[in-house]
Every structure is written in C-alpha cells, then in structure tokens.
Amino acid sequence: MWAIKNLTIEYFLKKFSNLYPKSIDLSLDRIKILLNKLGNPEKNLPPVVHVAGTNGKGSTVSFLKNIFSNSGLKVQTYTSPHLISFNERIRLADGIIKDDFLIDVLTECNFYNQDEPISFFEITTAAAFLAFSKSEGDILVLEVGLGGRLDTTNVIEKPLLSTITPVSLDHTEFLGKTLEQIAHEKGGIIKNNSSVIIGPQNKTVMKILNEIAYQKGNNTFLHGRDWDFTINDDGSFFLNYLGSSISLPKPNLVGLHQISNAAQAAACALSQKEFKITNEDLATGIKEVNWPGRLQKLYLNFPDEKIINLEVWVDGAHNSNAALNLSKSIKLINKDSENYTVLILGMLNNKDYASYLKHFEKIIDYLICIPVPNCKTSQDPEKLKVFAEQELAIPTETSINFIKALQKTISKMPAKKTTIIISGSLYLVGEILKIADYKFK
C-alpha cells in the first residue's frame, strides 16, 4: 500500500536526517504525535523488556534474545546504533528486517509525519514500532537510545520488565554532569507497579535507582541483594538468584564484563513470569550468543603469509567505563604471552578521550590515532596524539585511516606475537566491518 516506486532506504534515512537539524533535544512530544497518527503501534506490541544503562545494553539485549529464542519464543529486538546497515536495528522473529518491509514502514511514517520537525531517532523508532506491530512476535527486547526518562523508546507504558545495566558518565551534555543526574535519567524507564532488574552499580546510583523503583511500587531485583554471580577460572560462572545457584557456561562474548551482562540477562529472564525459561535455555543462550563489534576477532586476509603472529580485534568501547573493561579484556587476551600490543584509536569529538586513554597507560605498547571515517564529528587524531604522548608517555603516531594504520603496524612488528585492538567508536567498528565484508545474521 505504502511502497512508492524508486524510493530507497537511503532516500528516507537522508531525508529524516534533515528534518530536525538541531542538536539532540530529548522529548516525547514529537514521537507521541506521530505515533498517534500511525494508530499507536506502540500499544500493539508483544510484551516488552526495556533495557537502559550506559554500558552493556546491546550485549544484554543480545543475551536476552538468545535465551528467549532458545526457549522457543519468537523474539523481536530493537538496538542502536547500527554497524553496517540500518536494517540491523530492527530484528524480527525471522531475522533482520527485509528491505521491502523496511521501505514500507518508512514510507508510512514519512506520509503521516508530513515533513514536520522530528529527530532521526524518533521517526525511525516509530517505523520500528510499526514493523513490530505488523509482525508476529512473542516478546520484544527494546534498547534505550539515549538516557531513559525522555528517550523516544520510553513511550512504552507497561513493559513486562525493565532492566538497567551499569551506569557511568557518558553523554553528559544531554543527561547531566554528575552520576546522580544521569542515574535519575536512566531510572526514568521504571514504570509504576512493574518489575525492574538493576545491574551492578556505584553505591550512589544503586540507592537512587532503588528509591525510584520503591516509589513506583516495583518488584525490584537488585544486584548484590537478590542476584549476583561468581566466576570460575575457566570463564563459566554461577548465577546466584534469590537463594538458588545455577551453573552457566562461559559466554561466547569475550571479557569479564560480558559475564556480568550474561548474568544480568539471565536474572531478567528468570524474573519475568510470562514465559517459562529453563536453566538449559539460559545455558544455551549464553553459550551461543553473537554480538558483532564487541571485542570481536577479525580474520583478515593479509597478502604477506609470514604474518602468522598477528591478531586483530575490534571493540566499540567509547567511554571511560567501557575502556576499563576493554583494558581488562586485553590482559586476558595476552595472558599466555608477552604480546606486543597496539591500539588503533578513533573517537568522536564529544567523548572524554583523557579518561578513556588513561586506562591503557600501562596496557599498550603503541598507539595509532586515526579519524573516524565518514564522520563530521570525528576527534582530531593529532589532539589524541598530543595527550597520549605528553600526559601518558605512550609512543604514538597518527594515520589517515585504518588500512594505513594496519600497514604501519605490520611494518614495525617485532618477532613476538602482536595484538592489534581497534576501538573508540562503534561508527569506526562499523566501517572496519564493511572492509572485512562482515555478514550480519
């Protein structure tokens, strides 16, 4: 009905990017007006698990998707940003949304919006809700875009449950300059008389979130009180949930922080009472999860066959807390040998590069700073270089792109094993996965 010949996904995405050219203005007014014109698809969704937090949201969504799928449920998910294709954001029960269907819902949103000012995230989230409402699904795992209280996704009135992953400083220009302010924004997804699972938090943040949940009459599951986890030497772990201990395997995602994300997802799955989830569902979901761009090993075809001692990893860490987790993961990757470690870094200019880089002061041997490709808000690599050399004494140089940085690393490789980590921005990771010709499922 809505498809118009020769209109493409790219056409709509470019148009929507220009409808509201101001800086981000958090509000629910515009999205509510459009959703009302669309017939309120957000009220015709399957039960929703709403996921907020600073770090680990996407990984937690991925664990939940896999756990619920292994229990036989038809799972829908909404995440952002995408790495390669916008379609990645909207996953239906049978996989990533197909181009024709995506064009159909984008066209419908465009028709009803009538070129009124609206942000890119608002109108594309409306399109996602429309797609979910028109598709078969048993459960929707919905990731918050930015913050919580005034995030576009927060039009969901009665979620099955909400969960908040670790909260730290990020997007301070929108959410507040202090952890306390940011915690109040994140806690805004907690609804009246619902259930909320709160992940590992700073004591102050935990107190704020617990108070919000109490005031709203929630059934609250706090990390450290109602659930926790104990890690074994082999990376498997025990989930301690309401007095019971469940043995679970090492997650397929690399890093100790992913065990925390897996445990929180498992606690969420057990806390909802709509669907029966077995321990086997939890174990299989955690063991077989896949979430690209999060400490993902790349298998590149190097022209020089002599390069057998080189490992290349990408990770979307872009704030201080994520950098801390990444630095710990690098230690795990290198634990069996004295690797020569290179960080190729590209960041956006609104990120705190100083607190980010400090976590790598004694972790890496060399740093190469590059611009984030195709990004007008990329941080100047020279600025990163000056800070790393003068403040942290990390040997550093700049390069014009990832390929040149990789070539520089290879030309200077010592005889011992070398680990290259590429990080600083999910946008950078997405561009690299394009080069690596990664195929999403």
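Among contacts in the protein chain between residues at least 6 apart in sequence, what percentage join residues at least 24 apart? In this predicted model, the share is 74%.

The protein chain contains 15 helices and 17 strands. Its radius of gyration is 22 Å, close to the 22 Å that the globule rule gives for 441 residues, so the chain is as compact as a globular protein of that length. Along the principal axes, the C-alpha atoms fill a box of roughly 60 × 55 × 40 Å. Of the 441 residues, 57% are buried.

The accessible surface of the protein chain amounts to about 19600 Å². Carbon and sulfur atoms account for 49% of that surface. The chain carries 48 positive and 47 negative charges.

Helix 10 spans residues 279-287. Its buried residues are Asp281, Leu282, Gly285 and Ile286. Viewed down the axis of helix 10, these residues fall within an arc of 120°, so they line one face of the helix. An α-helix has 3.6 residues a turn, so residues three or four places apart point the same way. The face of helix 10 turned away from the buried side carries the exposed residues Glu280 and Lys287.

Several elements contribute to the cover over the buried residues of helix 10. Among them are two helices, helix 3 (57-70) and helix 9 (256-271). Strand 10 (237-241) and strand 11 (244-248) are also included in this cover.

Terms used: Residues numbered from 1 in each chain as written. Predicted model: local features only at pLDDT ≥ 70, side-chain atom pairs only at ≥ 80, totals over all residues. Heavy atoms only, no water. Helix = DSSP H or I, 4+ residues; strand = E, 2+ residues; numbered from the N terminus. Rg over C-alpha atoms; globule rule 2.2 N^0.38 Å. Buried < 20%, exposed > 50% of the residue type's maximum accessible area, 1.4 Å probe, protein only. Contact = heavy atoms within 4.5 Å. Areas by Shrake-Rupley, 256 points an atom, 1.4 Å probe, with all protein chains shown as cover. Lys, Arg positive; Asp, Glu negative; His and termini not counted. Charge placed at Lys NZ, Arg CZ, Asp CG, Glu CD. Arc of directions from axis to C-beta.
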